[in-house]
Amino acid sequence: GILLSLLIGNTFSFCYNQQVMIYMAYFEEISVAKALLEQLALVCRGRPYYDRVLQNVRRYVDRDLKRVDLPPAVVLSSKPKDDPLETIMWFTSVGTPGVVYDTVKWLRQARGARLGAVQRKLPPLHFVLLFALGFFELSAFPLLSAGASVTVGDNALKIEAAVFALMAAAIMLTLGVVLQLWQPSGSVYSVDEALSVMISGLEEELHDRQAAISKANINLPKPPTESSAVGFS
């Protein structure tokens, strides 16, 4: 029982600290992504490649930031040609690195911290062993209390049955909480809900900026036709 309590306590502390790191990493990365979006609006507005830069920011949000279902190692091993951040640097920092280069570098560091925090540190076998140890502890309880009805009486079995039920419920609930904390996404304690709210704000800002570009292109004067050019000459 003491060994199981120590292992569950250490596992709970480890998984809880990992969830805290995941929350902090996502908040930092999305804050840097918003700063990059504002910086791109100041640097690239009015230039012909502004819309393509915003499209790469959206690619980064859709294919990287929102892909909590993919293992972090798979996301990190993507080819450079598929990296939207590299495309953004190519548009804005060719030759002498510009101010956007530092922000993209900061965003890459925040992205690496987020992927490192999301990566599972404990293997599934760890929890298999915890459940097996809990099963062995519960199995030993009836054996240790087998002679209680002879020495104490039949009433002791009722008390021991209630204690056994409480102990089994406590062990299973505790292991269930730890197992939920271990999962980086799709669990009760995961960052999914907060992430959807944060990303929705970033996507709304991206949509507004791309809509402003489309509106500006619509309001541009039409090029002169051939007949008008001949009449002018």
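At what angle do helix H2 and helix H4 pack, and how far apart are their axes? Here are a few friendly notes on this.

1. This is a predicted model, in which local features need pLDDT of at least 70 and side-chain atom pairs count only at pLDDT 80 or more, while totals for chains, interfaces and linings use all residues. Residues are numbered from 1 along each chain as its sequence is written, and side-chain values use heavy atoms, with hydrogens and water left out.

2. The protein chain has 10 helices and 0 strands (DSSP runs of H or I, at least four residues, for helices, and of E, at least two, for strands). Of its 233 residues, 33% count as buried (under 20% relative accessible area, 1.4 Å probe, protein chains only).

3. Now to the opening question: helix H2 (residues 50-65) packs against helix H4 (residues 84-92) at about 160°, their axes 8 Å apart (lines fitted to C-alpha atoms over the stretch in contact, with angles from 0 to 180 degrees between N-to-C directions). H2 is therefore roughly antiparallel to H4 (angles over 145 degrees).

4. On the H2 side, Arg 52, Val 53, Asn 56, Val 57, Arg 59 and Tyr 60 meet Pro 84, Leu 85, Thr 87, Ile 88 and Phe 91 of H4 (contact being heavy atoms within 4.5 Å).

5. Gln 18 is worth a look too: this residue of helix H1 (residues 2-44) counts as buried because its relative accessibility is 7%. A polar atom of the Gln 18 side chain lies 2.9 Å from the backbone oxygen of Gln 119. Beyond its neighbours within four places in sequence, Gln 18 is in contact with Ala 117, Val 118, Gln 119, Arg 120 and Lys 121.

Conventions: Angles under 35 degrees count as roughly parallel, over 145 as roughly antiparallel, 65 to 115 as roughly perpendicular and the rest as oblique. Buried means under 20% relative accessible area, exposed over 50%, partly exposed in between (1.4 Å probe, protein chains only). A polar contact is a pair of N or O atoms within 3.5 Å; within protein, one must be able to donate a hydrogen and the other to accept it, and residues adjacent in sequence count only if both atoms are side-chain atoms.
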